[in-house]
Amino acid sequence: MNKFQNIRSYWNKPQHAAYLFILPAAILLVVFNVIPLLASFYISTLNMKISFDNATFVGLANYKEALTDARFLNSIKVTVLFTLIEVPIQMVMGLVMSALLTKNTFTNKLFRSIYFIPIICSATAIGIMFQIILHSNVGLITYWVRQLGLGKVNFLNTPGLTLGVVIAVSVWRTFGISTIILISAMQNVPSDYYEAAEIDGAGKIRQFFSITLPCIKPSFWFLLMTRIIGSMQVFDLIYTLTDGGPNFTTETLVAYVYTKAFDSGSRMGYATAMSEFLFVFIMIITLIQYYVMAKTED
C-alpha cells in the first residue's frame, strides 16, 4: 500500500504528471516518425524491390550511384527551380491578397472562400482538370490562344514552357492558404498602432510596411518555411499533369523517387537513398530558416 501511495504521490506532482500527458504523443511520434526514419535509412543500404524479397546489403553504394545519376541530378535541379519560382510568387500573391481582403466585409469573405476552394480540392483532381483545359487539341485555354492568332500551343509538352505552366497551376492552387493565414495574422495586429500612425500622418502604404509587415513576421516565416518544404515535396500535381515530361523537364525529385520505387524494375533501396538526400536538403533549409528567423526576432 505504501508503495502504491509513493507512486501516486510521485505522479501527482505537476512536473512529473506532465510526462503522462505527453506520453501518447511521444509514442505516436516514435512509432510513426522515428522508427520509419531509422528503417528508411536501413532500407537505403539494401538492394531490394518493392516486394522486399532477395534483399542484399550494399552499404553506401546506392548513395554513390545517385551522385552520378544524371536523371537524379536533373530532378534536383527541377525541384530547386520549381521551389525558387513557385514559393516567392505564391507568398507575394498571398501577401497582396491578404492586404486587400483583411476587412470582414461580405465581398471580402466571399473572395476568401473562392480563393480557398482549390486548397480543399484534391491535387490529383486539379491536375486532371488542368490537363483537360490545357489539352493541345480540345483544351479551352488552347482554343482561346488559337483564337487570338497565336497558333497551336502544347502547354503540357513543350520544353521550357511546361514547367512554367505547372508552376502557375501550383500557385493558383496554393496561394489561398497563404492568403488566409496572413489575413488571420493581420487581423491580430492591434488597431492602436494604425490609429497612432494616422495621427502622425502615415499613409496606408507606409502603415503596411512599417506596422503590418513587422507584426506578421512570425506568421510570414512559418508560412515561408512550410511552403518551401511543401514545394520541395511536390508530386501529385506533377504526376497528373505531365508525369515528369517532356524529356524529364518537370520531373521533380519525389517524382523520380516514385518512378524508381514503384515502376517496373522496382529499386526500393535506391529510391529510399534518394529520399534520404531530400530529407537532408529539407533539414538543412529548415535549420537555416530557423536560424535567420531567430536572428531577425532578436
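Author: Start with a definition. An axis here is a line fitted to C-alpha atoms, for helices over the stretch in contact, and angles run from 0 to 180 degrees between N-to-C directions. The model is a predicted one. Two packed helices are described by the angle between their axes and the distance between the axes.

Take helices α9 and α10. Helix α9 covers residues 191-199, and helix α10 covers residues 204-215. They pack at an angle of about 150°, with axes 10 Å apart. Angles over 145 degrees count as roughly antiparallel, so α9 is roughly antiparallel to α10. Their crossing is right-handed. Which residues make the contact? From α9 come Tyr193, Tyr194, Ala197 and Glu198. From α10 come Lys204, Gln207, Ile211, Thr212 and Cys215. By class, five are nonpolar, two are polar and two are charged.

Now go to a second pair, α8 and α11. Helix α8 spans residues 162-187, and helix α11 spans residues 217-232. The angle here is about 160°, and the axes lie 10 Å apart. That makes α8 roughly antiparallel to α11. The crossing of α8 and α11 is right-handed. On the α8 side, the contact uses Thr174, Ser178, Ile181, Leu182 and Ala185. On the α11 side, it uses Ser219, Phe220, Leu223 and Arg227. The contact of α8 with α11 has five nonpolar residues, three polar and one charged.

Next comes the loop between α12 (236-241) and α13 (253-262), which holds Pro246. Most residues other than glycine have a negative phi, and most peptide bonds are trans. Which peptide bond is cis here? The bond joining Gly245 and Pro246 is cis, with omega about -10°. Asn247 lies in the loop between α12 and α13. Its phi is positive, near 55°, and Asn247 is not a glycine. Is Asn247 buried or exposed? Asn247 is exposed, with a relative accessible area of 65%. Phe248 is found in that loop between α12 and α13 too. Phe248 also has a positive phi, about 65°, although it is not a glycine. Phe248 is partly exposed, at a relative accessible area of 40%.

A pair of aromatic rings is described by the distance of the centres and the angle of the planes. The count of aromatic pairs comes to eleven. In one of them, the rings of Tyr239 and Tyr258 have centres 5.3 Å apart and planes at 70°, so the pair is edge-to-face. This pair links distant parts of the chain: Tyr239 is in helix α12, Tyr258 is in helix α13, and they are 19 residues apart. Tyr239 is partly exposed, with a relative accessible area of 38%. Tyr258 is partly exposed, with a relative accessible area of 26%. Tyr258 also pairs with Phe262: their ring centres are 5.2 Å apart and their planes are at 40°, so this pair is tilted. Tyr258 and Phe262 are four residues apart in helix α13, and so are separated by about one helical turn.

Ring pairs link Tyr63, Phe72, Phe277 and Phe281 into it.

How values were computed. Residues numbered from 1 in each chain as written. Predicted model: local features only at pLDDT ≥ 70, side-chain atom pairs only at ≥ 80, totals over all residues. Heavy atoms only, no water. Helix = DSSP H or I, 4+ residues; strand = E, 2+ residues; numbered from the N terminus. Parallel < 35°, antiparallel > 145°, perpendicular 65-115°, else oblique. Left-handed = near helix turned anticlockwise from the far one by under 90°. Contact = heavy atoms within 4.5 Å. Nonpolar A, V, L, I, M, F, W, Y, C, P; charged D, E, K, R; others polar. Buried < 20%, exposed > 50% of the residue type's maximum accessible area, 1.4 Å probe, protein only. Phe/Tyr/Trp six-rings, centres within 6.5 Å; stacked < 30°, edge-to-face > 60°.
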